[in-house]
Amino acid sequence: MSLELAQTLTDAVAVGQGAISADAAVVAKLTDMAGDLAVNLGIALLILCATLFAAKWASSGARRALSRVRGFRHDQTVLSFAVQVVRVLVFAIGFIAVLQRLGVQTTSIIAVLGAASLAVGLALQGTLSNVAAGMMLLILRPYRVGDVININGNVGKVQRLDLFMTQMADANNVKIMVPNAKVFEDTILNLSGQQTRRIELKIGVGYGENLSQTRDVLIAATAMHEKVLPDPPPWAGVTNLLDSSVEMTLQAWVKSDDYWQTKADVLQAAKEALDTADIEIPFPHQVGVPYKEGDPALFHEGQVISRLHEASQSFESDAGRDSDEG
């Protein structure tokens, strides 16, 4: 009996030692895995930091390199677009390196993305269309950074053209962000794309005025402005016969940068010159239509209100009398 008990104890001790050895192996394995994971995380973090630094350095290098090219030296549109493309490429390479360091099989990820390319393309068709439109805008160059453009009624100065958006600022310094796809599909009016622009003003004068004198007065007042270009010279002429005035059109050419202020100055100068020459600029007059025989055909606004008030009181008294009789 004692021999059997001793054997049982021996077996139990052996099993316990085996379990301890197995636990020690598991602990050692987990320790090694934790150490490897910590090392990989540390290296991945270093790669990420290096990617951020490399993206900044590569974008700066691309900007400096393109700045030395004569065709791109003063073109901020190409510079900003190229810098962003370089930054995105560096980030993509660094992200792949981080995944590889963490043990993710990037080849399988690429295979899955290739198999799901149709779904990804459909899901990102708006984003991809903006990228494609940005590339076409960069190639065709309908506008550059610094140009004043009109896109679907949004007028502003181009500040930036990137992969997805065109950024503008209007006259009130309000930021306007327009997707590149909408810009490329819509009509683009480049208001500063030419060196000169034409001012065109519509001015109405009375039918009884001397139209030749009016034309000469408008041309002389416009030509005196220092910002108005002498070639081609200012022009004025009759362009329409309206209900209460003769429409005179005044045209003058200026540099694109001087357009808005010169337009306001020329309009003011034209008004003052017509006043000095005693040439009438008609404006709407209020006309009253008589509602009783013997009333005057024309009366002032106060008389109109008084007569309307009297008419309403007369109508109310007549209506009250009819109701009493009923």
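**Close-up views of a predicted model**

View 1. F91 lies in helix α2, residues 76-101, where helices (H or I, at least four residues) and strands (E, at least two) are DSSP runs numbered from the N terminus. The model is predicted, so local features need pLDDT of at least 70 and side-chain atom pairs count only at pLDDT 80 or more, while totals for chains, interfaces and linings use all residues. Residues are numbered from 1 along each chain as its sequence is written, and side-chain values use heavy atoms, with hydrogens and water left out. F91 is partly exposed, with a relative accessible area of 35%; buried means under 20%, exposed over 50%, and partly exposed in between (1.4 Å probe, protein chains only). Helix α1 (residues 2-67) gives the largest share of the nonpolar patch, three residues.

**View 2. The span of helix α8.** Helix α8, residues 259-276, has 18 residues and reaches 26 Å from its first C-alpha to its last, close to the 26 Å expected at 1.5 Å a residue, the expected span being 1.5 Å times one less than the number of residues. Just after α8, D278 takes a positive phi of about 60°.

View 3. The buried residues of α8 are Y259, T262, V266, A270, A273 and L274. They cover an arc of only 100° around the axis, which puts them on the same side of α8; the arc is that of the directions from the helix axis to the C-beta atoms. On the other side of α8, W260, Q261 and T276 are exposed.

**View 4. The packing partners of helix α8.** The buried residues of α8 pack against β6 (196-205), α7 (211-223) and β8 (246-255), with contact meaning heavy atoms within 4.5 Å.
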